[in-house]
Amino acid sequence: MVNGPDGVPYVIDRSTRTVYRIDPKTRKATVVAKAGQKASGATVSTPRSLTVGGPDLLIRDSKNLLWRWRTAEAKGKGTRTR
């Protein structure tokens, strides 16, 4: 688990191979990245680690690709790029 740039917790669920954003008010989990999703001409592999870099959540996957998640709004929508 890591507190994202928006102050909200992000977690990796190893069983579903998914990164979730947890809304502390509603306790609702929103998918940020999941193994098998496509973006920027590549496919996300199993998420391995999370960190924060400026306004972005950085996700390293099992193929050592670095993905960037940038929140677009307070409800959890955003963009994912490689």
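The charged side chains of the protein chain comprise 17 positive and 6 negative ones, and the centres of these two sets lie 5 Å apart. The model in which these positions are given is a predicted one. As for the surface, the protein chain exposes about 4,900 Å², with carbon and sulfur atoms supplying 50% of that area. Of the 82 residues, 33% count as buried, a class that requires a relative accessible area under 20%.

The overall dimensions may be considered next. Along the principal axes, the C-alpha atoms fill a box of roughly 35 × 25 × 20 Å. The radius of gyration of the protein chain is 11 Å; this agrees with a compact globule, because a globule of 82 residues would have a value near 12 Å. Among contacts with a separation of 6 or more, 30% come from residues 24 or more positions apart.

The secondary structure consists of 10 strands and zero helices. Read from the N terminus, the order of elements is accordingly β-β-β-β-β-β-β-β-β-β.

Strand β7 spans residues 47–53 and strand β8 spans residues 56–61; the two pair in the antiparallel sense over six bridges. Within this pairing, V52 has L57 of β8 as its bridge partner. Two residues lie between the strands of this hairpin, and G54 takes a positive phi near 65 degrees there.

Key
Residues numbered from 1 in each chain as written. Predicted model: local features only at pLDDT ≥ 70, side-chain atom pairs only at ≥ 80, totals over all residues. Heavy atoms only, no water. Pairing = 2+ DSSP bridges. Helix = DSSP H or I, 4+ residues; strand = E, 2+ residues; numbered from the N terminus. Rg over C-alpha atoms; globule rule 2.2 N^0.38 Å. Buried < 20%, exposed > 50% of the residue type's maximum accessible area, 1.4 Å probe, protein only. Contact = heavy atoms within 4.5 Å. Areas by Shrake-Rupley, 256 points an atom, 1.4 Å probe, with all protein chains shown as cover. Lys, Arg positive; Asp, Glu negative; His and termini not counted. Charge placed at Lys NZ, Arg CZ, Asp CG, Glu CD.
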